[in-house]
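Dear colleague,

Here is the structure for you to look over. My notes on it follow below.

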Amino acid sequence: MLAGDADRERVVRVLKDAFAQGRLSLEEYEDRVGHAYEARTYKELDLLTGDIPRPRAAGAPDSPAPPYPPPPSSPLPPPPKTNSKAIGSLVASLVGGFLCGTGSVVGVVLGHIAKREIKRTGERGDGPATAGLVIGYLGIAFWAFAFVVGTIW
C-alpha cells in the first residue's frame, strides 16, 4: 500500500527520537531520513524503523503500534450538488436586461424557489440564488422606471 507524506513525517519523527536517545548515529540517522522521504510504500517505511523500539504507554501491551494510522475504510461522501434553479435564476436575471425584463421576473421567481429548496435539502447554490434575486429585482426596477418614463414623455 502506498504511503503518504504524513506517514513519512511520522517515521522521520520516530527516527529523530531514536537519534536523540542515542539509538542511531548521525550518519545512520541522515541515511534513514533520506530513505524515509524517498519511500513509496508502508513496507519501505517499516524497514526503516523495524529495529527501533517504540515507547509504550502505561499499561499498554508489548506489541508496538505502527507509526502510521490504517488507511480509511470508506471514501469521503461526495459534496452536495448545486441547486440548478439557483444557477437558472442567475442566468435568467443576467439575460433579463435583453428581454425587456421578462428574464428578470423569471430570475426572481427561480431565485425564491431555489432559496426554499436549498434551505430544505442542504444543497449548494445560495450565492447564485441571492445574486439572481438581486440582479432580477434591479432589472425589474429598471424596466419599470423605463416604462414610467417612456409613458410620461
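**Notes on the model**

With a relative accessibility of 23%, Gly 88 falls in the partly exposed class, because buried means under 20% and exposed over 50%. Please keep in mind that this is a predicted model.

Gly 88 sits in helix H4, which covers residues 84-95. The C-alpha atom of Gly 88 is 8.1 Å from that of Gly 111, although the two are 23 residues apart along the chain. Ser 89 is also in helix H4. At 0% relative accessibility, Ser 89 counts as buried. Beyond its neighbours within four places in sequence, Ser 89 touches Gly 107, Leu 110, Gly 111, Ala 129, Gly 132 and Leu 133.

Several of these partners return in the next item, the pairing of H5 and H6. Helix H5 spans residues 102-121 and helix H6 residues 126-152; their axes are 8 Å apart, at an angle of about 150 degrees. Angles over 145 degrees count as roughly antiparallel, so H5 is roughly antiparallel to H6. The crossing of H5 and H6 is left-handed. On the H5 side the contact is formed by Ser 104, Val 105, Gly 107, Val 108, Gly 111, His 112, Ala 114, Lys 115 and Ile 118. H6 contributes Asp 126, Ala 129, Thr 130, Gly 132, Leu 133, Gly 136, Tyr 137, Gly 139 and Ile 140. Sorted by class, the residues of this contact are 8 nonpolar, 8 polar and 2 charged.

Asp 7, Arg 8, Val 11, Val 14 and Leu 15 of H1 meet Tyr 42, Leu 45, Leu 48 and Thr 49 of H3. The contact of H1 with H3 comprises 6 nonpolar residues, 1 polar and 2 charged.

Last, the annotation. An unreviewed UniProt entry lists residues 86-110 and 131-152 under "transmembrane region". How much of residues 86-110 is helix in the model, and how far apart are the end C-alpha atoms? The span is 76% helix and 0% strand, and its end C-alpha atoms lie 7 Å apart. For residues 131-152 the figures are 100% helix and 0% strand, with 32 Å between the end C-alpha atoms.

Regards

Methods
Residues are numbered from 1 along each chain as its sequence is written. This is a predicted model: local features need pLDDT of at least 70, side-chain atom pairs count only at pLDDT 80 or more; totals for chains, interfaces and linings use all residues. Side-chain values use heavy atoms; hydrogens and water are left out. UniProt positions are given in the numbering used here, feature names are shortened, and annotations may be inferred rather than shown by experiment. Helices (H or I, at least four residues) and strands (E, at least two) are DSSP runs, numbered from the N terminus. Buried means under 20% relative accessible area, exposed over 50%, partly exposed in between (1.4 Å probe, protein chains only). Axes are lines fitted to C-alpha atoms, for helices over the stretch in contact, and angles run from 0 to 180 degrees between N-to-C directions. Angles under 35 degrees count as roughly parallel, over 145 as roughly antiparallel, 65 to 115 as roughly perpendicular and the rest as oblique. A crossing is left-handed if the near helix is turned anticlockwise from the far one by less than a right angle, and right-handed if clockwise. Contact means heavy atoms within 4.5 Å. Ala, Val, Leu, Ile, Met, Phe, Trp, Tyr, Cys and Pro count as nonpolar, Asp, Glu, Lys and Arg as charged, and the others, Gly among them, as polar.
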